Amino acid sequence: MAETNTGSTLSFEVFPPNSKVGIENLTKTLDQLKELKPSFISVTCSNHNVDYEKNTIDLAKHVHNDLQVPAMVHMPAAYVNKKQVSRILNELEELNINQVLALRGDIIDGHAPENDFKYASDLTKFIKQEKPDFEVSGACYPEVHPESTNRIDDIKHLKEKVDAGCDQLITQLFYDNEQFFRFQEECAIADINVPILAGIMPIINRKQALHILENCSAHLPKKFLAILDKYKDDPIALRDAGLAYAIDQIVDLVTNDVAGIHIYTMNSAQTAKHIYDNTAAFFK
Ligand code: FAD
């Protein structure tokens with residue numbers, strides 16, 4: 001019988017809510033996520049500088065110091081400057097937080113970027129210079145970053161990001177494991193040897209599926225499109241099928257030795273818990 005891999009980690013992503021109700025819900029969600037003993041919880045940042053420090057850092061502080069779960073702070077290179085990053089890194093160090101996801105961030109209309117960092121690799125290099133002991137993660141795209149002209153350039157730039165000091169990569173969401181396995185191979189060929197965590201976002205309603213189809217580079221396989229069609233008038237069946245699909249995807253990844261699964265929780269503990277309950281035996 002083939003050996004079961006027990007080396008994969010499990011981690012979660014949450015985002016800072018922008019309403020009082022959202023904050024109350026997230027507090028309950030985090031209490032439940034803590035019980036699932038994740039290896040870390042990452043906290044997203046807004047893609048422009050509005051309240052970045054207050055929202056993201058404050059939430060990470062709660063995760064790390066109140067809940068005692070290692071926190072990873074997302075940082076948007078395009079919307080921070082060197083002076084600000086230095087100050088934030090010192091603050092994180094005082095809070096004993098040493099994990100940062102260095103991103104470029106999406107450039108949005110009407111919000112001029114800062115000029116100190118053009119790409120995530122520039123921010124990565126700066127963080128490593130300032131705090132060599134910090135663990136820096138980077139984003140990667142099994143189905144190619146939407147702005148990239150081709151796969152080869154995308155991998156070439158990813159290699160530059162890893163060489164700049166990225167210790168680990170976390171993928172954009174994807175629904176076709178074959179795309180991920182192919183990407184892993186391409187990374188190995190390009191001598192990108194850091195752990196690659198698979199980003200999984202369970203689809204639990206039709207609106208979310210349509211949003212992904214319209215806005216993400218991730219394609220939905222035929223099997224998933226059939227589920228969407230079959231259950232278009234049955235939201236409960238669609239949710240259950242979406243959860244079952246995510247569980248199947250995770251079991252396949254873990255049994256194929258993925259370094260880790262990073263679940264985009266959308267601040268729902270229920271979804272994360274359901275997946276955990278059905279896959280826990282596969283994690284370390
Ligand atoms: P980069 O690595 O800088 O790459 C951006 C583009 O530039 C790519 O096409 C790359 O190929 C190209 N490139 C890189 N270097 C060079 C170079 N030297 N010359 C020419 N081209 C180059 N966004 C948020 O705003 N907040 C979040 O919290 C957030 N969390 C995320 C978490 C994960 C796991 C992922 C996968 C994405 C997340 N994003 C988030 C989205 C991300 O900010 C966007 O996808 C953004 O467009 C690119 O960010 P990056 O860090 O991948 O950029």
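Two residues are in contact if their C-beta atoms, placed from the backbone, lie within 7 Å.

Q: In this predicted model, what share of the contacts in the protein with a separation of 6 or more comes from residues 24 or more positions apart?
A: The model is predicted, and the protein averages a pLDDT of 92, with 96% of the residues scoring at least 70. Among the contacts with a separation of 6 or more, the share from residues 24 or more positions apart is 80%.

Q: Which radius of gyration does the protein have, and why does it agree with a compact globule?
A: The C-alpha trace spans about 55 × 45 × 45 Å along its principal axes. A compact globule with 284 residues would have a radius of gyration near 19 Å, and the protein agrees with this because its own value is 18 Å.

Q: What closed arrangement do the strands β1 to β8 form?
A: The protein has 10 helices and 8 strands. The strands run in the order β1-β2-β3-β4-β5-β6-β7-β8 with parallel pairing, and what they form is a closed barrel of 8 strands. Neighbouring strands of this sheet are turned against each other, direction ignored, by an average of 30 degrees.

Q: Which residue of β8 stands opposite leucine 197?
A: Strand β7, residues 196-200, pairs with strand β8, residues 260-264, in the parallel sense over 4 bridges. Within β8, the residue opposite leucine 197 is glycine 260.

Q: Is strand β5 largely enclosed by the rest of the structure or largely open, and how many of its residues are buried?
A: Strand β4, residues 99-103, runs parallel to β5 and is joined to it by 4 bridges, with glutamine 99 standing opposite glutamate 135. Strand β5 covers residues 135-140 and is largely enclosed by the rest of the structure, because the number of its 6 residues that are buried is 5.

Q: At about what angle to β3 does helix α2 run?
A: Helix α2, residues 52-66, lies across two strands, β2 (41-43) and β3 (71-76). Relative to β3, the helix runs at about 170 degrees.

Q: Which residues is alanine 102 in contact with, leaving aside its neighbours within four places in sequence?
A: Alanine 102 is one of the residues that touch the most other members of the largest nonpolar core. Once its neighbours within four places in sequence are left aside, its contacts are Met75, Ala77, Ala120, Leu123, Thr124, Ile127, Val136 and Gly138.

Q: Is asparagine 96 buried or exposed?
A: Asparagine 96 lies in the loop between α3 (82-94) and β4, and has a positive phi of about 65 degrees although it is not a glycine. Most residues other than glycine have a negative phi. A residue with 12 or fewer other C-beta atoms within 10 Å counts as exposed, and because asparagine 96 has 11, it is exposed.

Q: Does asparagine 267 count as buried or exposed?
A: Asparagine 267 lies in the loop between β8 and α10 (269-279), and has a positive phi of about 65 degrees although it is not a glycine. The cut-off for a buried residue is 20 or more other C-beta atoms within 10 Å, and because asparagine 267 has 20 such neighbours, it counts as buried.

How values were computed: Residues numbered from 1 in each chain as written. Predicted model: local features only at pLDDT ≥ 70, side-chain atom pairs only at ≥ 80, totals over all residues. Pairing = 2+ DSSP bridges. Axes fitted to C-alpha atoms, helices over the stretch in contact; angles between N-to-C directions. Core = buried A, V, L, I, M, F, W, Y, C linked by C-beta atoms within 7 Å. pLDDT = per-residue confidence, 0-100. Rg over C-alpha atoms; globule rule 2.2 N^0.38 Å.
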